[in-house]
Amino acid sequence: MFRVTRYLKTLLEPAPIAPARRPPGPVVIWNLIRRCNLTCHHCYTVSADIDFKGELSTPEAMAVLDDLKAFRVPALILSGGEPLMRPDIFDLSRRAKALGLYTGLSTNGTLIDASNIDEIADCGYDYVGISIDGLEATHDKIRQRQGAFRESMRAVRLCKARGIKVGLRFTLTRDNYAQFDDILALTAEHEVDKFYLSHLNYGGRGHRHRKHDAWHQMTRDAMTRLFDHCRAELERGIEREYVTGNNDADGPYLLHWAARHFPAEVPALRQRLLNWGGNASGEFIANIDNLGNVHPDSFWWDHSLGNVRERPFSEIWRDAEDPLMTGFRRHPRPLKGRCGNCGYLAMCNGNTRVRAWKTTGDAWAEDPGCYLDDEEIGVAPSRSSDLILTTG
């Protein structure tokens, strides 16, 4: 996750550079259930409103929570499918919080209403993220259900009224690019605490719908507008949390943006971004699916590292024998093409490998989602090459 607000704030209010920090364990995104009441175009789990056999029982899930705590997992995101369709979701959530885990709920929001908002508040979630894919007509089309937008925005209002930290999650595609400013305005209108811009990743239905991915120029434009918007809010004293995900080229792109607006702060920002280190799949990001299979991240469901019914997550994650995981944990990673020659490799860490895998069959090929050009990343000579730190 790329924390836009954090870095922009350092440009406006320069401070000493904190040393790089290594989390004690991976952030775990746990798809507790595959069933969902929606069939969204870009769903990476290919969920549907049916029961999927073989999902972990409550006692099995509780045992996983105990293991995650012992393994010093710093944060747990409960997802689906639609996690609120799992009957024991609140029992598991309360247990996670009782163990001291940072616990987030990732939901489409349509099932949050007056009947369960008090229980949701009682769980003490650190964050509830609700997916919004555009204004009403666009959102309902992408989510393939009329009325989904209104139900999700109702959830936002209910969470705000109960003092729950709530965020909007927006996956950028060609279908909703034109409404990006409208969604930013919607975020401000409802005083949403956090906005997450997700770049399309090629897993599940997202792979089948990659033809709807935003063109590179659209992505560049959206990122520029996000930086400009966040800066304007900070300058007005509004510190909303803006983050992005699934495209680690966002870091180098911010460096180029900063060179135009805050040139004196570029060296410090460069070091902060190097300390961030880019993509963390297979190292500081992990996924457990609804059947208990462990994956390098949420989009690698076709590559299982083991199952928590057979071995604890902690043991699976320590296993260094898997070739894909070995590559993820190499520094630098064994990348090819533009990614292998990129001057920002130490900052981006090769971006999101699943896009390369899905489009070429090679997990270490260049990421087709990188929206910086050859000159910007230093594989062709240009005036911008002086922004790049050569790490050797």
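On the H1 side, the contact is formed by Tyr7, Leu8 and Leu11, which meet Leu254, Trp257 and Ala258 of H10. By class, six residues of this contact are nonpolar, with no polar and no charged members. An α-helix has 3.6 residues a turn, so residues three or four places apart point the same way.

The crossing in which H7 passes H9 is right-handed. Here Phe180, Asp181, Leu184 and Ala188 of H7 meet Ala222, Arg225, Leu226, His229 and Glu233 of H9. The contact of H7 with H9 comprises five nonpolar residues, one polar residue and three charged residues.

Leu65 is located in helix H2, which spans residues 58-70. With a relative accessibility of 1%, Leu65 counts as buried, because the cut-off for burial is under 20%. Beyond residues up to four places away in sequence, Leu65 touches Trp30, Leu76, Leu92, Arg95, Ala96, Leu99 and Leu101. Glu235 lies 170 residues from Leu65 along the chain, and the C-alpha atoms of these two residues are separated by 41 Å.

In helix H16 (residues 353-360), the buried residues are Arg353, Val354, Arg355 and Ala356. These buried residues pack against two helices, H13 (323-328) and H14 (337-341). Gly361 follows H16 and has a positive phi, near 80°.

Confidence in the prediction was also examined. The protein chain has a mean pLDDT of 92, and 91% of its residues reach 70 or more. Over residues 203-209, however, pLDDT stays under 50. For this segment, the model has 24 contacts beyond four places in sequence. Where pLDDT is low, the predicted coordinates should not be read in detail.

Note on methods:
Residues numbered from 1 in each chain as written. Predicted model: local features only at pLDDT ≥ 70, side-chain atom pairs only at ≥ 80, totals over all residues. Heavy atoms only, no water. pLDDT = per-residue confidence, 0-100. Contact = heavy atoms within 4.5 Å. Helix = DSSP H or I, 4+ residues; strand = E, 2+ residues; numbered from the N terminus. Buried < 20%, exposed > 50% of the residue type's maximum accessible area, 1.4 Å probe, protein only. Nonpolar A, V, L, I, M, F, W, Y, C, P; charged D, E, K, R; others polar. Left-handed = near helix turned anticlockwise from the far one by under 90°.
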